[in-house]
Amino acid sequence: MGEANSSSLTPRYFILNGIPGLEAAHIWISLPFCCMYILAVVGNCGLIYLISHEEALHRPMYYFIALLSFTDVSACTSFVPNMLCIFWFSLKEIDFNACLVQMFFIHMWTITESGMLMLMALDRYVAICYPLRYSSILTDTAITKVWFATFFRSVLLTIPFTFLIKRLPFCRGNLIQHTYCDHMSMAKLSCGNIRTNALYGLLTVIVIGGFDILCITVSYTMIIRAVIHLSSSDARHKAFSTCTSHICAIIITYVPAFFNFFTHRFGGHTIPHHVHIFIANLYLLLPPTLNPIVYGVKTKQIREGVIKLFCKEKEGF
């Protein structure tokens, strides 16, 4: 147990226990997570490099993909290196303030990713419904402004989590049954009233998830209406094909997110705790790992950009 300050009952550090009940298998469990993290970093950084260096990809759609890749890398880097240290070296102690910082970044980047998917849906809506005004509406300045607005929305919504944890007295030990610092995992160690923490967490999920999914749904409803009215079947196919990679990214992100949310809230007595931890890690790690693969396979211009980049490298040799 960490020593607690008698005046504030705040522990000096927490102990992240990893995956409870499976401590003996931590090394083996770490291997797929490590491989996924490497794929996520290489894939997303590769996408960012490709989009920044390939002039043909200097268009709004690809700028949003690059911003999503940056968000994905930041999200998984905020917890995976620390998780691997737990699995490989049993470095389970984490300073109280460091735990707060990790919690802040995990929640902030998660909210930002949801916002990025919403912006990408709006991008597809403008591209298909207003093709002649696409470049004039989504200028570089407009993209920068909407990204910063999305980012600051995430920061403003995440800051209360930090203060809600700071105000709590901790007298139920300092052992967190998790691989990273999560808001409710920390709050449950308090002997104070955590109803506000639970309500704010639930409200944030409902407001952010509800608002972003509503915007995505409305955007795609308008897209479908516009595509149906196109006279050519080839034009309809081309219009829909530009949306497939984004739809895949939405499924990859929101399905694990909602599965994690509902199993955590309503499956506590039927689903083993180590399964909760697995789901929570996959929820954060799966989108960054799969998104570059989806965009690389589904987006013709990115495939061509990769081939062109490799051809340049070969010519350089």
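Reply: Start with helix H1 (residues 26-53) and H2: their axes come within 9 Å and cross at roughly 150 degrees. That makes H1 roughly antiparallel to H2 (under 35 degrees is roughly parallel, over 145 roughly antiparallel, 65 to 115 roughly perpendicular, the rest oblique). Axes are lines fitted to C-alpha atoms, for helices over the stretch in contact, with angles from 0 to 180 degrees between N-to-C directions. Helices (H or I, at least four residues) and strands (E, at least two) are DSSP runs numbered from the N terminus.

This is a predicted model: local features need pLDDT of at least 70 and side-chain atom pairs pLDDT 80 or more, while totals for chains, interfaces and linings use all residues. Residues are numbered from 1 along each chain as its sequence is written, and side-chain values use heavy atoms, without hydrogens and water.

H1 and H2 cross in a left-handed sense (the near helix is turned anticlockwise from the far one by less than a right angle; clockwise is right-handed). H1 brings Tyr37, Ala40, Val41, Asn44, Cys45, Leu47, Ile48 and Ile51 to this contact (heavy atoms within 4.5 Å). From H2, the partners include Tyr63, Ile65, Ala66, Phe70, Asp72 and Cys76. By class, this contact has 14 nonpolar, 3 polar and 1 charged residues (Ala, Val, Leu, Ile, Met, Phe, Trp, Tyr, Cys and Pro are nonpolar; Asp, Glu, Lys and Arg are charged; the others, Gly among them, are polar).

H2 also packs on H10, at about 150 degrees with the axes 8 Å apart. H2 and H10 are therefore roughly antiparallel. This crossing is left-handed. H2 makes the contact with Ile65, Leu68, Asp72 and Cys76, H10 with Leu285, Pro287, Pro288, Asn291 and Tyr295. The classes are 7 nonpolar, 1 polar and 1 charged. Ile65, Asp72 and Cys76 of H2 meet H10, and these residues of H2 also meet H1.

Now H4 (residues 96-129) and H8 (residues 195-228). Their axes come within 9 Å and cross at roughly 15 degrees. They are therefore roughly parallel to each other. H4 passes H8 in a left-handed crossing. Among the contact residues are Ile111, Leu117, Met118, Arg124 and Tyr125 of H4, and Ile208, Phe211, Asp212, Tyr220 and Ile223 of H8. The contact holds 17 nonpolar, 4 polar and 2 charged residues.

On to the pockets. A pocket is an open set of points with protein on both sides within 12 Å along at least five of seven lines, and lining residues have an atom within 4 Å of a point. Of its 39 lining residues, His107, Asp182, Val205, Asn260 and Tyr283 are the closest to the centre. H4, strand E3 (175-176), H7 (183-187), H8, H9 (233-266) and H10 (273-298) each give two or more. H9 has the largest share, 8 residues. The lining is 19 nonpolar, 16 polar and 4 charged.

The second largest pocket has about 540 Å³. It has 18 lining residues, with Met61, Arg124, Lys238, Thr242 and Gln301 nearest its centre. H2 (60-77), H4, H9 and H11 (300-316) each give two or more. H9 again gives the most to a lining, here 6 residues. By class there are 8 nonpolar, 5 polar and 5 charged.

How values were computed. On a 1 Å grid over the protein atoms alone, a cavity is a set of points where a 1.4 Å probe fits but cannot get out, and a pocket is an open set with protein on both sides within 12 Å along at least five of seven lines; lining residues have an atom within 4 Å of a point. Grid points are joined across faces, edges and corners, and a volume is the space filled by probe spheres set on the points.
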